[in-house]
Amino acid sequence: MTLLDAGEYIAALPKKEHAAPEWQAAMEALILVAEGGGPTMFARIGVLRALNRHHVSEFNPKGKEPHWGRRKLKRDQ
C-alpha cells in the first residue's frame, strides 16, 4: 500500500507487539524513508521482517537437484 498505511498499521498494533524490536526497526525505517526520501525498499524489508519474525527458515539440502548428467543442446556440442 502506502507508507501512511504501513505507519497506521504499526500504530494500531497492541502495545506489547508494538514494543517488539522488529516493529521498532520497521517504524524507524518508515520514518527514515518518509522524512529523508530514502529508498522505499528499506521500509518494505523492515515491515516484512517484522511480520515474519516468528517464522524460522530451515535449510533443505535436497531442495535443488544438481544438473550433472543432463543432456546438452545440439548447438552446445
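Colleague: What share of the 77 residues in the chain is buried?
Modeller: This is a predicted model, in which local features need pLDDT of at least 70 and side-chain atom pairs count only at pLDDT 80 or more, while totals for chains, interfaces and linings use all residues. Residues are numbered from 1 along each chain as its sequence is written, and side-chain values use heavy atoms, with hydrogens and water left out. Buried means under 20% relative accessible area, exposed means over 50%, and partly exposed lies in between (1.4 Å probe, protein chains only). By these cut-offs, the buried share of the 77 residues is 18%.

Colleague: In which helix is confidence highest?
Modeller: Confidence is given as pLDDT, the predictor's score for each residue from 0 to 100. The chain has a mean of 84, and 97% of its residues reach 70 or more. Among the helices, the lowest mean is 86, in H1 (residues 3-11), and the highest is 89, in helix H4 (residues 40-51).

Colleague: What is the radius of gyration of the chain?
Modeller: Helices (H or I, at least four residues) and strands (E, at least two) are DSSP runs numbered from the N terminus, and the chain holds 4 helices and 0 strands. For 77 residues the globule rule gives 11 Å, and the chain is well over this, so it is more spread out than a compact globule. The radius is taken over C-alpha atoms, and the rule is 2.2 Å times the number of residues to the power 0.38. For this chain, the radius of gyration is 21 Å.

Colleague: What box do the C-alpha atoms fill?
Modeller: The box is taken along the principal axes of the chain. Its sides are roughly 60 × 30 × 15 Å.

Colleague: Is Val33 buried or exposed?
Modeller: Val33 lies in helix H3 (residues 21-36). Leaving out residues up to four places away in sequence, Val33 touches Leu3, Gly38, Pro39, Thr40, Phe42 and Ala43, where a contact means heavy atoms within 4.5 Å. The relative accessibility of Val33 is 6%, so Val33 counts as buried.

Colleague: How many Å apart are the C-alpha atoms of Ile45 and Arg75?
Modeller: Ile45 sits in helix H4, and at 40% relative accessibility Ile45 counts as partly exposed. Val33 is 42 residues from Arg75 in sequence, and their C-alpha atoms are 50 Å apart. Ile45 and Arg75 are 30 residues apart along the chain, and their C-alpha separation is 43 Å.

Colleague: What is the relative accessible area of Asp76?
Modeller: Asp76 belongs to the segment after H4. Its C-alpha atom lies 43 Å from that of Leu48, 28 residues away along the chain. Asp76 is partly exposed, with a relative accessible area of 48%.
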